[in-house]
Amino acid sequence: MSNEARYGKLIGIGVGPGDPELLTVKAYRMLKETRVIAYPKKRKGEKSYALSIVEQYVKAQEKEMVGLIFPMTRDPDVLSREWDQTVATVWSHLAQGKDVAFVTEGDPMLYSTFIHLGRRMRELHPQVEIMSIPGISSVNGAASRLHLPLADGDEQVVIVPATADREAMRQVLQMHDAVVFLKVAKVLDLLLDILDELDLHDRAAVVSKVSSPEEQIWWDVRELRGKKLGYLSLMVVRK
């Protein structure tokens, strides 16, 4: 009996940045065909963002819906234990020969939880086939909503997780034509300081939950000093 016949496949499905109409045709088909739909689940009962994008295409009563809680800690012991539990939950379905579609906002191969899920699954159950369906990332979504070309010709664009490393963030801005900072909420004021130092504040824009009904856009980023933004916020700086 073939490996594919004995075990289900783990499929990472990128569902885009927020607008359900940005789902690809292939992603739509896989959601329809796959019996088990897994999604990131918040501990505090908040609604899954990825699931909210696709819920008009997925009838929960016709599927096996599996909410997965992912560890938000740097403690290696806690990380290992919780990741193993998450993988065990998915494996319980795969071992029965059921394909599992894991929905993730954006693209599965770009700063996605699916990367870690697939990596750990491969370590613990190497017999499982893992595949992914690309999705439109928040980076592409932001460029479209801002009507801002990220790069042309020989120009360089870089995608950077925003951190508190001031010098690293400054160098990124100095070295590239366009920079997309992801997850800017925790270091927003620091980034604003650097923009002021480099006289780039008028070349920046911030978008939160791009293309979704909750989307917010700030063209004057100086208005954001001292304010708290949601986790799904990014900044685009185009020189």
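This is a short chat about a predicted model of one protein chain.

User: Hi! What should I know about the model before I start?
Analyst: Residues are numbered from 1 along each chain as its sequence is written, and side-chain values use heavy atoms, with hydrogens and water left out. The model is predicted, and local features need pLDDT of at least 70, side-chain atom pairs count only at pLDDT 80 or more, and totals for chains, interfaces and linings use all residues.

User: What share of the residues is buried?
Analyst: Buried residues are 46% of the 239. Buried means under 20% relative accessible area, exposed means over 50%, and partly exposed is in between, with a 1.4 Å probe and protein chains only.

User: Which residues touch the most other members of the largest nonpolar core?
Analyst: They are L173, F181, L191, L195, M235 and V237, in a core of 25 residues. A nonpolar core is a set of buried Ala, Val, Leu, Ile, Met, Phe, Trp, Tyr and Cys residues joined through side-chain atoms within 4.5 Å. Two or more core residues come from each of β6 (157-161), α7 (166-175), β7 (178-182), α8 (188-197), β8 (204-208) and β10 (233-238). Helix α8 gives the largest share, six residues.

User: Tell me about α8, then. Which of its residues are buried?
Analyst: L188, L190, L191, L192, I194 and L195 are buried in α8. Their cover includes α7, β7, β8 and β10. Just after the helix, D199 takes a positive phi of about 55 degrees.

User: Back to V237. What is it in contact with?
Analyst: Leaving aside neighbours within four places in sequence, V237 is in contact with L173, D177, A178, V179, F181, L195, L200, R203 and A204. Contact means heavy atoms within 4.5 Å.

User: New topic! Is S212 buried or exposed?
Analyst: S212 counts as buried because its relative accessibility is 9%. This residue is in the loop between β8 and β9 (216-218). Not counting residues up to four places away in sequence, S212 touches G18, D19 and Y49.

User: What about E214, where is that?
Analyst: E214 is also placed in the loop between β8 and β9. With a relative accessible area of 46%, E214 is partly exposed. Residues that E214 touches are S208 and K209, not counting those up to four places away in sequence.

User: Last one: where is A27?
Analyst: A27 is in helix α2 (residues 25-33). A27 has a relative accessible area of 0%, so this residue is buried. Apart from residues up to four places away in sequence, A27 touches I13, G14 and I133.

How values were computed:
Helices (H or I, at least four residues) and strands (E, at least two) are DSSP runs, numbered from the N terminus.
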